[in-house]
Amino acid sequence: MPVCYNLLRRVNLNRPTSHSEDTAIVDRQMHLGEDEEYAVLLEAWQHTLSVISAQVNKASFETWIKPIVPISFDGRVVTLGATTVFARKWIENKHLKAIKSIMDAFTSSDLNIQIVLAQPEEPAILQEKAPTPARSRKKAEDEPISLALNDRYTFESFVVGPSNRLAHASCCAVADAPGKAYNPVFLYGGPGLGKTHLLHAIGQRILQNKPNAHVVYVDGETFTHHYISSLREHKNSEFRRKYRNVDVWLVDDIQFIAGKDRTEEEFFHTYNALYETRKQIVLSSDRPPKDLQLDTRLLSRFECGLVADIAEPDLETRMAILQQKAFDENMTLPDDVVLYIARLIRSNIRALEGALVKLHAYASLMKQPVTSILAQDVLGGYFGESKPYVLDPAAVQEAVCKEFNISPDDLNGSRRTKDLVLARQVAMYLTRELTSASLITIGRAFGGRDHSTVLHACAKVKGLLATDAVLVATLQELSKRLRNGGC
Ligand code: ADP
Ligand code: MG
């Protein structure tokens with residue numbers, strides 16, 4: 001192994017704790033960058049960080065992945081450093097597989113990845129004789145219980161649309177008047193839709209207004225880990241003291257707590273203690289309270305507050321988010337590329353961001369302008385599962401079948417019950433309105449019908465729209481859905 005690996009291992013053993021330390025480490029790494037294998041490792045590691053940050057939740061990323069130190073690479077064995085024994089085990093159990101597959105793909109090889117302890121924990125006996133400085137070995141009481149807030153997750157950088165308006169408004173209200181507006185606020189929604197972003201934004205807004213407020217942000221996984229550690233180390237009273245001395249409690253991903261009986265019980269007591277002293281509580285979960293397998297006492301408490309869901313964003317919101325992210329990253333993104341990506345990825349904003357990062361990286365590495373052709377080349381395969389959405393006769397038929405609860409065979413077949421005829425005519429009308437297909441093409445798509453049948457259907461639906469308010473609403477909703485990518 002070349003000498004500089006060891007040198008780097010020495011300079012780089014401590015977990016980066018601040019931005020300036022981060023920068024210093026990067027500088028040292030650049031200094032050592034003459035070594036090709038190490039340079040490959042750093043590049044592979046940067047790539048791994050960017051891919052994995054889009055796959056795991058933010059708290060896991062910050063707590064477990066980001067502190068990992070790339071130590072050495074000898075062409076086949078990659079050595080990564082974890083900062084504690086617990087972290088090492090956690091990474092091995094939960095993240096090693098993903099790390100390996102990303103690094104394998106990046107280096108096109110079958111790597112052997114080992115995680116070592118980068119900052120050895122000293123045996124207790126040594127600590128007694130020669131205590132390490134307080135800065136590097138804090139007493140448990142000094143350790144903050146809050147995870148760090150990401151300063152990019154603010155209300156200003158959050159794009160509001162119909163899918164998240166209520167959640168956003170309720171978070172703004174509690175951030176401006178903690179403990180007074182709504183308590184608790186319970187946010188729920190699928191992955192990558194902005195729950196963590198909003199919790200961080202609340203924490204940051206409150207700290208801006210009241211810098212001394214004790215804001216604690218944890219996720220269910222970390223709360224569980226803190227609780228279990230406190231039991232193991234016989235420090236339960238200290239755990240309670242810390243958690244009850246909180247002004248604003250932001251708990252992300254509480255679904256992790258459900259079903260873990262003792263943790264849930266402790267969570268319940270913490271919750272009550274804070275609630276009764278009118279401390280603001282905001283919770284997030286990937287599902288609504290009733291679907292969490294939680295103690296009914298807890299459920300009824302959650303339901304007393306404000307429960308707001310975050311749904312999948314519509315096309316306009318997805319486009320606005322992409323534009324905002326591109327602006328933040330100083331990236332030029334033509335409108336047709338924005339539209340392409342927004343239609344390609346519909347249900348997860350984290351994936352939307354991942355696509356942007358990938359496209360940006362590819363364009364700058366290959367020194368090519370960002371065009372929709374490049375976007376299709378780079379992203380089409382990557383997000384292959386969700387095929388690019390095309391608003392064509394088939395898409396209209398699918399949406400109409402869903403709305404009218406009929407099968408495609410019925411829609412295109414020859415049966416002429418009243419309901420089927422109406423659905424067929426509506427589908428033809430919408431196809432004519434929303435796509436560029438000719439009358440002949442439409443007729444063919446609907447079971448080989450004649451163009452005059454299509455004309456007749458369109459005229460019929462137009463006539464009905466003049467008098468039938470329910471049909472008007474149905475068609476408006478269908479058109480909106482179809483324009484937004486069929487979802
Ligand atoms: P969740 O916690 O619901 O899984 P996150 O809050 O981690 O999702 O959001 C995933 C990514 O998408 C984050 O980078 C976040 O900043 C971004 N994001 C989500 N919703 C929005 C939004 N409405 N406006 C801007 N960025 C958003
Ligand atoms: Mg989250």
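Here is a quick look at the ligand site and one aromatic cluster in this structure.

This is a predicted model, with local features needing pLDDT of at least 70 and side-chain atom pairs pLDDT 80 or more, while totals for chains, interfaces and linings use all residues. Residues are numbered from 1 along each chain as written, ligands are numbered from 1 in the order written, and side-chain values use heavy atoms, leaving out hydrogens and water.

Let's start with ligand 1. Its shell has 18 residues, and G192, K195, T196, H197 and E353 are the closest (near means a heavy atom within 4 Å). By type, the shell splits into 7 nonpolar, 7 polar and 4 charged residues (Gly counts as polar, Tyr and Cys as nonpolar). Helices α8 (195-209), α13 (315-328) and α15 (349-365) each put in at least two residues (helices are DSSP runs, H or I, of at least four residues).

| Residue | Part | Distance to an oxygen atom of ligand 1 |
|---|---|---|
| L193 | backbone | 3.1 Å |
| K195 | side chain | 2.7 Å |
| R350 | side chain | 2.9 Å |

The protein covers 97% of the 550 Å² of accessible area that ligand 1 has on its own (Shrake-Rupley, 1.4 Å probe).

Now the rings. There are 12 aromatic pairs (ring centres within 6.5 Å; planes under 30 degrees apart are stacked, over 60 edge-to-face, the rest tilted). F239 and Y243 make a tilted one, at 4.7 Å centre to centre and 40° between planes. They are about one helical turn apart, because 4 residues separate them in α10 (residues 236-244). F239 is buried at 5% relative accessibility, and Y243 is buried at 0% (buried is under 20%). Ring pairs also link F239 and Y243 into a cluster with F223, Y227, W249 and F267.

Methods: A polar contact is a pair of N or O atoms within 3.5 Å; within protein, one must be able to donate a hydrogen and the other to accept it, and residues adjacent in sequence count only if both atoms are side-chain atoms. Rings of Phe, Tyr and Trp (its six-membered ring) pair if their centres lie within 6.5 Å; planes under 30 degrees apart count as stacked, over 60 as edge-to-face and the rest as tilted. Buried means under 20% relative accessible area, exposed over 50%, partly exposed in between (1.4 Å probe, protein chains only).
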